[in-house]
Amino acid sequence: MTDWNRIAEKLNDADAVLIGASNGLSITEGLNLFADDEMLYPILDSVKEMAAAEQDGRIPSELIPRCPHCGGPMAVHIAAGPGFIEDTGARQRYNMFLDRYHGKKLAVLELGIGWRNQLIKAPIMRLVTREPQAAYVTVNLGEVYITDDIKDKSFGIDGALSDVLGSLRKACMRSYRDYEKP
Ligand SMILES: [Zn+2]
């Protein structure tokens, strides 16, 4: 049973809410995590073309995007690769956020990240582990995963984001109204 009231209390009472999500969320939920990234949209058409032509993980060479400067072939930019260039601005903003809310009531809302996605999930759970006042709310359809060491400050919600976000909102509104009563 999901304890909506306790989750809502944690969210309403938090000094800050950190949302952990992968880019799938920006498409499914209409929430635009890439609002500042004007480089993303122009490439979406070629990504669709590549996906349509893909067979056994391969695409025709002429579909590989080329560098506008030197004409060289582009490669997928993944954090595990040797050529990964980190977004240092984003890291700086993240570290500033962590400094600012260190020791405070931090609600971590993790949306739709399966247990296999350790690139996003592992650092989120480590943060919850080391922040004494953190609360961890993880939402996933069929793959709720919480490590033992943070079980007592965690809430797992098994369900689709399209249902869960609505219920979460309702619970927060209810709890907020109770909070405001004199
Ligand atoms: Zn180049």
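Predicted model: local features only at pLDDT ≥ 70, side-chain atom pairs only at ≥ 80, totals over all residues.

Reader: How many helices and strands does the protein have, and what pattern do they follow along the sequence?

Author: One starts by listing the elements in order. The protein has 6 helices and 4 strands, and read along the sequence they follow the pattern α-β-α-α-α-β-α-β-β-α. Among contacts between residues at least 6 apart in sequence, 58% join residues at least 24 apart.

Reader: What percentage of the residues is buried?

Author: Buried residues account for 18% of the 182 residues in the protein.

Reader: Which members of the largest nonpolar core touch the most other members?

Author: In soluble globular proteins, nonpolar side chains tend to be buried together. Here the largest nonpolar core has 22 residues, and Val108, Val128, Tyr136 and Val137 touch the most other members. Helix H1 (4-13), strand S2 (106-111), H5, S3 and helix H6 (161-180) each supply at least two residues of this core. S2 gives the most, with 5 residues. As for Val137, beyond its neighbours within four places in sequence, its contacts include Ile7, Val108, Leu109 and Phe155.

Reader: Where around helix H5 do its buried residues lie?

Author: In H5 the buried residues are Lys121, Ile124, Met125 and Val128. They cover an arc of only 95° around the axis, so they are on the same side of H5. These buried residues pack against strand S1 (16-21), S2 and S3. The face turned away from the buried side carries exposed residues, including Gln118, Ala122, Arg126 and Arg130.

Reader: Does helix H4 lie largely in the open or is it buried, and why?

Author: Of the 13 residues of H4, the number buried is 0, so H4 lies largely in the open. Helix H4 (residues 88-100) reaches 18 Å from its first C-alpha to its last, close to the 18 Å expected at 1.5 Å a residue.

Reader: Is Ala134 buried or exposed?

Author: One counts its surroundings, with 20 or more other C-beta atoms within 10 Å as the cut-off for a buried residue. Ala134 has 23, and is therefore buried. Its place is in the loop between helix H5 (118-130) and strand S3 (135-140). Leaving aside neighbours within four places in sequence, Ala134 is in contact with Leu106, Val108, Leu127, Val128 and Lys153. Ala134 and His102 are 32 residues apart in sequence, yet 9.5 Å apart in space, C-alpha to C-alpha.

Methods: Residues numbered from 1 in each chain as written. Expected span 1.5 Å × (residues − 1). Buried ≥ 20, exposed ≤ 12 C-beta atoms within 10 Å, placed from the backbone. Contact = placed C-beta atoms within 7 Å. Core = buried A, V, L, I, M, F, W, Y, C linked by C-beta atoms within 7 Å. Arc of directions from axis to C-beta.
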